[in-house]
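Hello,

Please have a look at it first, and then read on for what was found.

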Amino acid sequence: MILKCCIIDDEPLAIELLESYVKRTPFLQLEASFNSAVQAVERVAQGDIDLIFLDIQMPELDGMEFSHMIEGRSRIIFTTAFGQYAVDSYKVNAIDYLLKPISYADFLKASQKALQWFELSEGSATANATTTPAETSAASPYIFVKSDYKLKQIPLDKILYIEGLKDYVKIYLEGEPHPILSLLSLKSLEEMLSEGQFIRVHRSFIVQGCKIKMIDRNRIVFGKEYIPISDTYKESFAEFIARHSPIAGKPQG
């Protein structure tokens, strides 16, 4: 996979250094360099740039402001001399955050992280395109997800719960110490699961009904983990519990 990239920085020497790094990296293809974010707006808006090496402190339009304007698949690696922006960088489409002066080793590590993100994204899209909700119904005992460059088969009856992050999901399995991480949206994964078997209890959580052993004050207990039941899903969850309980009414916590 080749990533199309561009560089945005108001320092000519910084652009020159990054251009030399891109040329040394076989999976990167430089499309353009700009010495201001304003100049880059039209080119980035075309939608074919995968990766943007973006400075933060620039005149007219700074990198953080520019990052909020970016739509589509483009991802960012921030390049700056100021460490105080590190936390903010992860609130946007940032793959990584490089502090100047930037070594090639750090540049390569961040670029490889970007490559992994795009490979996972492409693999997940392919898997989703070939699997329909009908195919992943109660008749199908498993699903496939892309994780760590591999397609992994996950038995549905082993899933405890699923946590949705920004671009990823964490799938927690019975008897496994660590979750499976996959570049997939919670909504797309929900469409692959049987509605009667799994239930959404929070914007960030889906649980398997038959794995619920205890509910404590509107929280589902899985060992030491507590899954919140949000107000949005409280009514549908109460109906789910009522269907599987001889006791009428809402569950007591």
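**Sheet, loop and rings**

Phenylalanine 198 has glutamine 208, in β12, standing opposite. Before going on, a word on the ground rules: this is a predicted model, in which local features need pLDDT of at least 70 and side-chain atom pairs count only at pLDDT 80 or more, while totals for chains, interfaces and linings use all residues. Residues are numbered from 1 along each chain as its sequence is written, and side-chain values use heavy atoms, with hydrogens and water left out.

Helices (H or I, at least four residues) and strands (E, at least two) are DSSP runs, numbered from the N terminus. Two strands pair if DSSP finds at least two bridges between them. In β11 and strand β12 (residues 205-208), the antiparallel pairing runs over 4 bridges.

Both strands belong to an open sheet of 5 strands, in the order β10-β9-β8-β12-β11, and the pairing is antiparallel. At the edges are β10 (180-182) and β11 (198-202), each of which pairs on one side only. On average, neighbouring strands of this sheet are turned by 20° against each other, direction ignored (axes are lines fitted to C-alpha atoms, for helices over the stretch in contact, and angles run from 0 to 180 degrees between N-to-C directions).

Next, a loop. Between α2 (37-44) and β3 (51-54) you will find isoleucine 49. Is isoleucine 49 buried or exposed? Isoleucine 49 has 0% relative accessibility, so it counts as buried (buried means under 20% relative accessible area, exposed over 50%, partly exposed in between, with a 1.4 Å probe and protein chains only). Beyond its neighbours within four places in sequence, isoleucine 49 is in contact (heavy atoms within 4.5 Å) with Lys4, Cys5, Cys6, Glu31, Arg43 and Ser74.

Finally, the rings. Rings of Phe, Tyr and Trp (its six-membered ring) pair if their centres lie within 6.5 Å; planes under 30 degrees apart count as stacked, over 60 as edge-to-face and the rest as tilted. That rule gives 10 aromatic pairs. One of them is stacked, because the rings of phenylalanine 53 and phenylalanine 107 have centres 4.9 Å apart and planes at 20°. Phenylalanine 53 is in strand β3 and phenylalanine 107 in helix α5 (residues 104-129), so this pair links distant parts of the chain, 54 residues apart. At 0% relative accessibility, phenylalanine 53 counts as buried, and phenylalanine 107, at 0%, counts as buried too. Tyr21, Phe53, Tyr104 and Phe107 form one aromatic cluster.

Best wishes
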